[in-house]
Amino acid sequence: MRIARLLIIFVASMAILCGTTWAANAKNVYRQDLSLKMTTGKEMKLSELAGKPSIIIFYSSVCGAKGNRDVMNRINLAYRDKGLQVLGVGMRDECDEFLKFAKKERYSFQSGFDSTRAVAKSFRAYSLPYTVFVAKDGRIAAKVMGVLTEEKVRAELAKIGM
């Protein structure tokens with residue numbers, strides 16, 4: 001019995017470390033009235049992403065997911081002229097601390113802070129890094145927990161017509 005528990009823990013841990021993808025759900029992301037405080041100082045509602053495919057990446061200043069952010073930066077530069085939107089969502093920091101951190105990183109994608117944790121709760125983003133792929137109709141196509149490679153991101157983008 002103990003070996004079975006250890007095996008389950010091991011498999012779950014490996015799935016997290018290797019970037020596990022969960023299937024889509026029917027929720028329309030763009031219809032949610034959720035907002036973030038952006039690095040520009042303005043508020044942004046998720047509904048502003050409507051009509052275009054998006055990648056939403058959850059991270060913090062201390063989560064150690066710099067590799068994921070670097071991948072998302074390259075993906076954003078490669079696909080933004082094709083209509084892709086990449087949005088960074090900060091959590092597990094103080095708002096001002098995260099916004100200062102995100103500005104300092106100078107990535108090509110926009111980032112904002114989830115002050116109320118409503119965005120994280122809506123996407124069930126409980127561990128970091130966590131990435132959500134959203135089709136242009138607002139349907140969540142995939143949720144990936146863990147480290148991503150550029151090839152994995154491109155494969156997920158192909159599934160949403162990018």
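Which residues form one aromatic cluster? Keep that in mind for the third view. This is a predicted model, where local features need pLDDT of at least 70 and side-chain atom pairs count only at pLDDT 80 or more, while totals for chains, interfaces and linings use all residues. Residues are numbered from 1 along each chain as its sequence is written, and side-chain values use heavy atoms, with hydrogens and water left out.

**View 1. The largest nonpolar core has 25 residues.** A nonpolar core is a set of buried Ala, Val, Leu, Ile, Met, Phe, Trp, Tyr and Cys residues joined through side-chain atoms within 4.5 Å. Buried means under 20% relative accessible area, exposed means over 50%, and partly exposed is in between (1.4 Å probe, protein chains only). Look for Ile55, Met72, Ile75, Val153 and Leu157, the residues with the most contacts inside this core. Two or more residues each come from β5 (54-59), α2 (66-79), α3 (95-105), β9 (139-145) and α5 (150-159). Those labels are DSSP runs numbered from the N terminus: helices are H or I with at least four residues, strands are E with at least two. The largest share, 5 residues, is from α3. There's also a second, separate core of 21 residues, with Leu46, Ile56, Met91 and Leu128 among them.

View 2. Glu150, Val153, Glu156 and Leu157 are the buried residues of α5. After α5 comes Gly161, with a positive phi near 80°.

**View 3. Here are some aromatic rings.** The whole structure has 7 aromatic pairs. Rings of Phe, Tyr and Trp (its six-membered ring) pair if their centres lie within 6.5 Å; planes under 30 degrees apart are stacked, over 60 edge-to-face, and the rest tilted. Phe58 and Phe123 make a tilted pair, 5.8 Å centre to centre with 55° between the planes. Phe58 lies in strand β5 and Phe123 in helix α4 (residues 118-123), so this pair ties together parts that are 65 residues apart in sequence. Phe58 is buried, at 0% relative accessibility, and Phe123 is buried at 0% too. As for the opening question, the cluster is formed by Tyr59, Phe98, Phe101 and Phe113.
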